[in-house]
Amino acid sequence: MPEPLLVAALGDVHGRFHRVETWLDALEQSRGRPVSMVLAVGDVEAFRRADDHRRKAAKRTMPAEFAEYADGVRRVKRPLYFIGGNNEDFEALHDFQDGGELAPGVTYLGRAGVRELSGLRVGFLSGIHAPRFIDQPLKRPVTQDLMKQAGYFRTAEVERVMSLRDVDLMLVHEWPRGIVQRAREENPSPPRPLPSYWIGNGVTRRLVDTVQPKWLLCGHSHKAFAVTLEGVGRPATRIACLDQATRPEESVFWLEYEGRAAVRAGWGVSGAVAWEPGRRWDLARLPTPVVEGERDGEDAPVGAM
């Protein structure tokens with residue numbers, strides 16, 4: 001029997017390509033097998049030039065390490081596939097709305113759709129919800145305002161994903177609305193403080209309830225979270241929300257597959273198994289939280305950016 005497929009997922013990278021490569025090295029060592037592919041849930045910030053003024057004009061100064069990969073100075077060790085968040089090089093991504101390779105081994109999946117990756121059906125929706133713009137046409141982002149608008153998904157993109165079925169993994173940037181309330185109902189005394197119930201949007205929630213992917217991976221809110229959506233006649237969708245790439249414990253998530261069946265999952269790079277079939281996927285599966293004061297100063301939480 002072939003060894004299980006190891007899939008790694010990353011929270012909001014925000015330009016920190018060097019450190020996540022080191023984390024993935026550690027994950028491979030702990031699990032004793034190579035990472036077959038890496039999935040990133042948006043806000044990768046793949047700016048091609050280190051001196052890009054748009055990057056420097058962002059809400060915070062983040063590293064521009066992707067420039068080294070775009071220039072061929074460095075190369076990723078494993079195929080990396082990412083969706084768009086609301087902080088990206090939207091001018092460059094505009095010509096790749098259906099996806100494309102931005103550097104050797106680094107592929108933007110596109111704004112919405114499905115891809116077969118390593119034998120898995122991976123659905124995806126880039127961006128976040130902005131009611132004012134969801135029915136407006138997507139324009140080439142030649143101004144700062146249009147660049148911001150490019151980080152919002154549109155109705156046609158949602159509908160493209162809404163028609164999907166039999167999805168193993170789905171990638172979205174913003175959380176679906178209502179999952180925090182679901183966790184509160186299931187955990188009257190939660191093992192850690194819960195984020196505000198209003199996090200997420202209803203459009204993504206309807207999308208998830210319709211497509212019913214086996215696993216859903218999210219970013220954007222810079223919090224680790226775990227919950228299961230299920231009901232009578234509805235198969236389980238296990239949701240893992242990832243922190244930004246400050247420390248690996250809550251910003252790296254991994255799954256092992258035998259064929260298209262997920263057989264193990266875990267957080268961070270220690271290799272410890274947090275979930276197997278037959279175990280409940282909920283807040284109890286989260287890693288021990290990082291104490292806020294232990295974070296690096298440059299990496300202090302910035303909220304839903």
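User: Which residue stands opposite methionine 170 in strand 9?

Analyst: In this predicted model, methionine 170 stands opposite leucine 216 in strand 9.

User: What makes strand 8 and strand 9 a pair?

Analyst: Strands count as paired if at least two bridges are found between them, and three bridges join strand 8 (residues 169-172) to strand 9, the two running parallel.

User: Which way do the residues of strand 9 point, and are they buried or exposed?

Analyst: Trp215 and Leu217 point one way from strand 9 (residues 215-218), Leu216 and Cys218 point the other way, and all are buried.

User: Why is aspartate 12 called buried?

Analyst: The term applies under 20% relative accessible area, and aspartate 12 has 0% relative accessibility, so it counts as buried. Aspartate 12 lies in the loop between strand 1 and helix 1 (17-31), and among the residues that it touches are Val41, Asp43, His173, His220 and Asp243.

User: What makes the approach of aspartate 12 to histidine 222 a polar contact?

Analyst: The cut-off for a pair of N or O atoms is 3.5 Å, and the side chains of aspartate 12 and histidine 222 make their polar contact at 3.2 Å, which is within that limit.

User: Why is one side of strand 4 and of strand 13 left without a neighbour in the sheet?

Analyst: Seven strands form an open sheet with mixed pairing, in the order 4-5-3-2-1-12-13. Strand 4 (100-103) and strand 13 (261-267) stand at its edges and each has a single partner strand, so one side of each lacks a neighbour in the sheet. On average, neighbouring strands of this sheet are turned by 25° against each other, direction ignored.

User: How do you know that strand 1 and strand 2 pair within that sheet?

Analyst: Five bridges join strand 1 (residues 5-10) to strand 2 (residues 35-40), which run parallel, and at least two would be enough.

User: Why are the buried residues of helix 7 said to line one face?

Analyst: The buried residues of helix 7 (residues 179-186) are Ile179, Val180, Arg182 and Ala183. Seen down the axis of helix 7, they fall within an arc of 155°, so they line one face of the helix. These buried residues pack against helix 8 (202-211), strand 10 (225-231) and strand 11 (234-241).

Conventions: Residues numbered from 1 in each chain as written. Predicted model: local features only at pLDDT ≥ 70, side-chain atom pairs only at ≥ 80, totals over all residues. Heavy atoms only, no water. Helix = DSSP H or I, 4+ residues; strand = E, 2+ residues; numbered from the N terminus. Axes fitted to C-alpha atoms, helices over the stretch in contact; angles between N-to-C directions. Buried < 20%, exposed > 50% of the residue type's maximum accessible area, 1.4 Å probe, protein only. Arc of directions from axis to C-beta. Contact = heavy atoms within 4.5 Å. Polar contact = N/O pair within 3.5 Å; in protein donor to acceptor, adjacent residues only side chain to side chain. Lists of a residue's contacts leave out its neighbours within four places in sequence.
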